[in-house]
Amino acid sequence: MKEKEVKPLRGRSPTQSKSKISIRPSRKPNESHRIKKVKEKRKEVIGLRNVSKYYHMGETIVKAIDGVNLSVKKGEFIAVMGPSGSGKSTSMNLIGSLDVPTKGTISLDGENISLLSESDLAQIRGQKVGFVFQQFNLIPNLTVQENVMLPMMFQGTDYEEREEYAMELLEKVDLADRANHYPNQISGGQMQRVAIARALANDPEVILADEPTGNLDTKTGEKVMEFLKKLNREGKTVIMVTHEPELAEKYANIVYWLRDGKVEKITRRTNGFKIEKQERRLIKKNPEKKKGKKGK
Ligand SMILES: Nc1ncnc2c1ncn2[C@@H]1O[C@H](COP(=O)(O)OP(=O)(O)O)[C@@H](O)[C@H]1O
Ligand SMILES: [Mg+2]
């Protein structure tokens, strides 16, 4: 594995001791990290293979997502676009290992996470994924700086290092002067930038943002998006969920268009956006789904 220091996973069974899961040291990337990041650029960070999530509601089964294939490579900016109820949040929760699929496999950083226990999942999630939510989800009785420090505590980073690195991250999102404020003393756009700083705390592989500008006005939302774009330019993989096609195409390089829990098409920015895959081609991989889906 690429990390230099490998701490043992808490509560891991002896049979898993050779697992490739390792804990990324909770500090900012040094020079060699950056060099490695360039080399690893094309590596797949997230892979969903024929993933479905079904909910049983009494007699009926709700297919929140149904046979989704998705591949995210290091350094990409992906948008998952779709109308309300199309399965965006469900996909995001699966990608971020907040939830487990009914069917299919999910890999995160080369590791099949479909089979991990809840405690190992939590550990992986803490190291490899940084979340940004529509509702910001900051802890109200912690200061801005303490909010950013929190994820590092769960990874066992010592207090001083947490304090120092949180300040660095707040500088990155132009909020160092708000470090001692509480969330209710700053604006929505600032709260979302704190959430971005917090998402970066453990130097995750991927930033997952679910409707990050959903609660912000256009101008404030743009500033938040500019920070996500900047992080992406610096090498972070970003996956953003949105119901706004303009937002998807303005910031992402690849857009997955969801409808009724399925990937309808995938478009990629080349000179403007071009269709890369359409449902028909995806359906070929799942012949049982082909019937009755033509001419959509
Ligand atoms: N916990 C749940 N129980 C039952 N149905 C759910 C649950 N979560 C989501 N769904 C259903 O799955 C579908 C997709 O939901 P969701 O992923 O939240 O869509 P989106 O984020 O695109 O609005 C919807 O029809 C929704 O009602
Ligand atoms: Mg949603």
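Predicted model: local features only at pLDDT ≥ 70, side-chain atom pairs only at ≥ 80, totals over all residues.

Biologist: Which residues are around ligand 1?

Modeller: Tyr55, Met57, Val62, Ala64, Gly82, Ser84, Gly85, Ser86, Gly87, Lys88, Ser89 and Thr90. The elements that give two or more residues to that shell are strand S1 (44-57), strand S2 (60-73) and helix H2 (88-95).

Biologist: And how does the shell around ligand 1 split by class?

Modeller: Seven residues are polar, four are nonpolar and one is charged.

Biologist: Let me zoom out. How many helices and strands are in the chain?

Modeller: Nine helices and eleven strands. The chain has 296 residues, and 42% of them are buried. Of the contacts with a separation of 6 or more, 66% are between residues 24 or more positions apart.

Biologist: Back to S1. In which sense does S1 pair with S4?

Modeller: Antiparallel, over five bridges, with S4 covering residues 103-108. One of the pairs to look at is Gly47 with its bridge partner Ser107 in S4. Ser107 also has a bridge partner in S5, Asn112.

Biologist: Is Phe136 buried or exposed?

Modeller: Phe136 counts as buried because it has 21 C-beta neighbours inside 10 Å, and the cut-off for buried is 20 or more. Asp174 has 13 such neighbours, so it counts as partly exposed.

Biologist: Switching to H3. Which of its residues are buried?

Modeller: Asp120, Gln123, Ile124, Arg125, Gly126, Gln127 and Lys128. They pack against S4, strand S6 (129-133), helix H4 (144-154) and S7.

Biologist: Why does Gln123 count as buried?

Modeller: Because 21 other C-beta atoms lie within 10 Å of it. Gln123 is also 8.8 Å from Phe154, C-alpha to C-alpha, with the two 31 residues apart in sequence.

Biologist: Last stop, H7. What span should it have, going by its residues?

Modeller: H7 has 16 residues, 218-233, so at 1.5 Å a residue it should span 22 Å, and its end C-alpha atoms are 22 Å apart, which agrees.

Biologist: Which residues of H7 are buried?

Modeller: Val224, Met225, Leu228, Leu231 and Asn232. Looking down the axis of H7, these buried residues fall within an arc of 110 degrees, so they line one face of the helix.

Biologist: What do the buried residues of H7 pack against?

Modeller: Strand S3 (77-81), helix H6 (188-199), strand S7 (206-210), strand S8 (237-242) and helix H8 (245-251).

Biologist: And what's on the face of H7 turned away from its buried side?

Modeller: The exposed residues Lys219, Glu226 and Arg233. Just after H7 there's also Gly235, which takes a positive phi of about 115 degrees.

Terms used
Residues numbered from 1 in each chain as written. Chains lettered and ligands numbered in written order. Helix = DSSP H or I, 4+ residues; strand = E, 2+ residues; numbered from the N terminus. Expected span 1.5 Å × (residues − 1). Buried ≥ 20, exposed ≤ 12 C-beta atoms within 10 Å, placed from the backbone. Arc of directions from axis to C-beta. Contact = placed C-beta atoms within 7 Å. Near = placed C-beta within 6 Å. Nonpolar A, V, L, I, M, F, W, Y, C, P; charged D, E, K, R; others polar. Pairing = 2+ DSSP bridges.
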